[in-house]
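Please keep both in view while reading.

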Amino acid sequence: MAEVRVIRASWAGAASSVDDLPQTVPEVAVCGRSNVGKSSLINAVCQRKDLARTSATPGRTQCIHVFDLALSTGKQVRLVDLPGFGHAEASKAVRRQFAPMISDWLFGRPLLRAVLLLQDLRREGDSDAQAFADELRARGVGVFVVATKADKLAKTQRFAAVQRLQREFKLPRPPVVTSSESGEGMAELVRLIAHWSV
Ligand code: GTP
Ligand code: MG
């Protein structure tokens, strides 16, 4: 099978509540702790530098951004860049504001097909993220854990880190390992996302 590519990507709009953008095509949400690399990953998947805004300051993405992808198969799918959860730097008030925004979207969009839950490959024992994955599964949302920032880990440490994530998140298979910096794992992610395209 020929490799699936993203041939066009565009910003479909920003939303601060679940009803702000009409649903037209299947959606795949990108979730995870603040600063884990959600916006960077969307850019890397789309092979665009500044489609989604990124920043070294956690909490950069403060509303929901939706991106329309046209694939080389002629099909379409949407990627949803959600605000990050749980960064210590954000005030309690900001966190309280994000939490319902995120969960309304995850549980209130009939066309949402799956969630990519991003996790820094270097991070151990993230019970918040694991509890989040459990809640999604319990509510019938398909969760795919994606390890990010693989370029920051020495090759010798990788295998153990991947195994640990698989165990901690109770995954049937090892997580997809990615680096938005090097492009590692992006072809695999596009293939995964293409699965829900129409
Ligand atoms: P919020 O919107 O704040 O929740 O963050 P985010 O999850 O969207 O993270 P973002 O993509 O803005 O990236 C955060 C920081 O991590 C930026 O400084 C990125 O350049 C860096 N970063 C993201 N992905 C990678 C990666 O694969 N490798 C490396 N080395 N750095 C990365
Ligand atoms: Mg972001």
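## Strand E6 and its neighbours

In this predicted model, strands E6 and E7 pair in the parallel sense, over two bridges. Within this pairing, Ala147 stands opposite Val177 in E7. E6, helix H4 and E7 together make a right-handed β-α-β unit.

E6 is also joined to strand E5, by six bridges, and E5 and E6 run parallel. Here Val115 is found opposite Val143 in E6. The chain passes from E5 through helix H3 to E6, and this β-α-β crossover is right-handed. How much of E6 is covered? The strand is mostly covered, with five of its six residues buried.

## Thr148 in strand E6

Thr148 has its place in strand E6. Is Thr148 buried or exposed? Its relative accessibility is 4%, and because buried means under 20%, Thr148 counts as buried.

Which residues does Thr148 touch, leaving aside those up to four places away in sequence? The contacts of Thr148 are Val36, Leu118, Gln119, Asp120, Leu121 and Thr178.

## The aromatic pair

How many aromatic pairs does a search of the whole structure find? The search finds one. This pair is formed by Phe144 and Trp196, with 5.4 Å from centre to centre and 65° between the planes. The arrangement is edge-to-face, because planes over 60 degrees apart are classed in that way.

Phe144 belongs to strand E6 (residues 143–148), whereas Trp196 lies in the segment after helix H5 (186–194), so the pair ties together parts that are 52 residues apart in sequence. The two partners can also be described by their accessibility. Phe144 counts as partly exposed, at 27% relative accessibility, while Trp196 counts as buried, at 13%.

## Salt bridges

How many salt bridges does the count come to? The count comes to eleven salt bridges. One of them links Arg109 and Glu27, whose closest N and O atoms are 2.6 Å apart.

Lys170 lies in the loop between helix H4 (155–168) and strand E7 (176–177), and Asp134 lies in helix H3 (residues 127–138), so the pair ties together parts that are 36 residues apart in sequence. Lys170 counts as exposed, at 54% relative accessibility, whereas Asp134 is partly exposed, with a relative accessible area of 31%.

Arg139 takes part in a salt bridge with Glu135, in which the side chains meet at 3.2 Å from N to O. Glu135 counts as partly exposed, with 38% relative accessibility.

Where does the charged end of Arg139 sit? The charged end of Arg139 is placed over the ring of Phe107, at 3.6 Å from the centre of that ring.

## Two residues with positive phi

Most residues other than glycine have a negative phi. Asn35 has a positive value, near 75°, and is a residue other than glycine. Asn35 is found in the loop between E2 and helix H1 (38–46). At 33% relative accessibility, Asn35 counts as partly exposed.

Gln47 likewise has a positive phi, of about 50°, although it is not a glycine. The place of Gln47 is the loop between H1 and strand E3 (64–71). Is Gln47 buried or exposed? Gln47 is exposed, with a relative accessible area of 66%.

Note on methods
Residues are numbered from 1 along each chain as its sequence is written. Chains are lettered from A and ligands numbered from 1 in the order in which they are written. This is a predicted model: local features need pLDDT of at least 70, side-chain atom pairs count only at pLDDT 80 or more; totals for chains, interfaces and linings use all residues. Side-chain values use heavy atoms; hydrogens and water are left out. A salt bridge is a side-chain nitrogen of Lys or Arg within 4 Å of a carboxyl oxygen of Asp or Glu. Helices (H or I, at least four residues) and strands (E, at least two) are DSSP runs, numbered from the N terminus. Buried means under 20% relative accessible area, exposed over 50%, partly exposed in between (1.4 Å probe, protein chains only). Rings of Phe, Tyr and Trp (its six-membered ring) pair if their centres lie within 6.5 Å; planes under 30 degrees apart count as stacked, over 60 as edge-to-face and the rest as tilted. A charge sits over a ring if NZ of Lys or CZ of Arg is within 6 Å of the ring centre and within 35 degrees of the ring normal. Two strands pair if DSSP finds at least two bridges between them. A crossover is right-handed if, with the strands pointing away from the viewer, the path from the first strand over the helix to the second runs clockwise. Contact means heavy atoms within 4.5 Å.
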